[in-house]
Amino acid sequence: MSAGVKFGCVALDCPDPYGLAGFYGELLGWKIHDENKPGDRWVTLVNPDGGADICFQEDPAYRPPTWPSNERAQMLHLDFDVPDIDAEHHRVLDLGARLLDDEPKTFRVYADPAGHPFCLCAC
């Protein structure tokens, strides 16, 4: 273990960093960093528990993955543990997510407003 290396954040490319940070902020109950504002090219969603943050970086040429097709394969996805997958299912749809797969019994796959896949897990 290196004493000088600390995991700081996961960064997602997207066309609208502030808007996507708002989506995940609502999902998790986290706040956008006080110094960030609409139009910023880098926006930080601050982890209130002191762990790694989620950051959003503007990429005007961003094209979302086409999961489950590998035409534009996903590079990573985020998993969120939830106590009641049915209640959270409706909430993420209301926030702007799109359902991609609800076949598994213990998790569901969604796309966020920018098209990044993520999962709600009741595992």
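**Close-up 1. Asparagine 36 sits in the loop between β2 (31-32) and β3 (42-46).** Strands, like helices, are DSSP runs numbered from the N terminus, with at least two residues (E) for a strand and at least four (H or I) for a helix. This is a predicted model, where local features need pLDDT of at least 70 and side-chain atom pairs count only at pLDDT 80 or more, while totals for chains, interfaces and linings use all residues. Residues are numbered from 1 along each chain as its sequence is written, and side-chain values use heavy atoms, with hydrogens and water left out. With a relative accessible area of 15%, asparagine 36 is buried (buried is under 20% relative accessible area, exposed is over 50%, and partly exposed is in between, using a 1.4 Å probe and protein chains only). Set aside the neighbours within four places in sequence, and asparagine 36 is in contact with Tyr18, Trp42, Val43 and Thr44 (contact means heavy atoms within 4.5 Å).

**Close-up 2. Helix α1 (residues 17-28) meets helix α2 (residues 85-95).** The two axes come within 10 Å and cross at roughly 155°; each axis is a line fitted to C-alpha atoms over the stretch in contact, and angles run from 0 to 180 degrees between N-to-C directions. So α1 and α2 are roughly antiparallel to each other (that label needs an angle over 145 degrees; under 35 is roughly parallel, 65 to 115 roughly perpendicular, and the rest oblique). On the α1 side, Phe23, Glu26 and Leu27 make the contact, and on the α2 side it's Arg91, Val92 and Leu95. Sorted by class, that gives four nonpolar, two charged and no polar residues (Ala, Val, Leu, Ile, Met, Phe, Trp, Tyr, Cys and Pro count as nonpolar, Asp, Glu, Lys and Arg as charged, and the others, Gly among them, as polar).

**Close-up 3. Tyrosine 110 of strand β7 (residues 107-111) pairs up with histidine 89 of helix α2.** Their side chains are joined by a polar contact of 2.7 Å (a pair of N or O atoms within 3.5 Å; within protein, one must be able to donate a hydrogen and the other to accept it, and residues adjacent in sequence count only if both atoms are side-chain atoms). Tyrosine 110 is buried at 0% relative accessibility, and histidine 89 is buried too, with a relative accessible area of 12%. Beyond four places in sequence, tyrosine 110 is in contact with several residues, among them Val92, Leu93, Pro117 and Phe118. The corresponding list for histidine 89 is Leu99, Arg108, Tyr110 and Leu120. Look also at arginine 98: it's twelve residues from tyrosine 110 along the chain, with 5.4 Å between the C-alpha atoms.

**Close-up 4. Phenylalanine 56 lies in strand β4 (residues 53-58).** This one is buried, with a relative accessible area of 0%. Not counting residues up to four places away in sequence, phenylalanine 56 touches residues including Leu12, Cys14, Pro17, Tyr24 and Trp42.

**Close-up 5. Cysteine 123 is in the segment after β8 (117-121).** Cysteine 123 counts as exposed, at 76% relative accessibility. Valine 82 is 41 residues away in sequence but 8.5 Å away in space, C-alpha to C-alpha.
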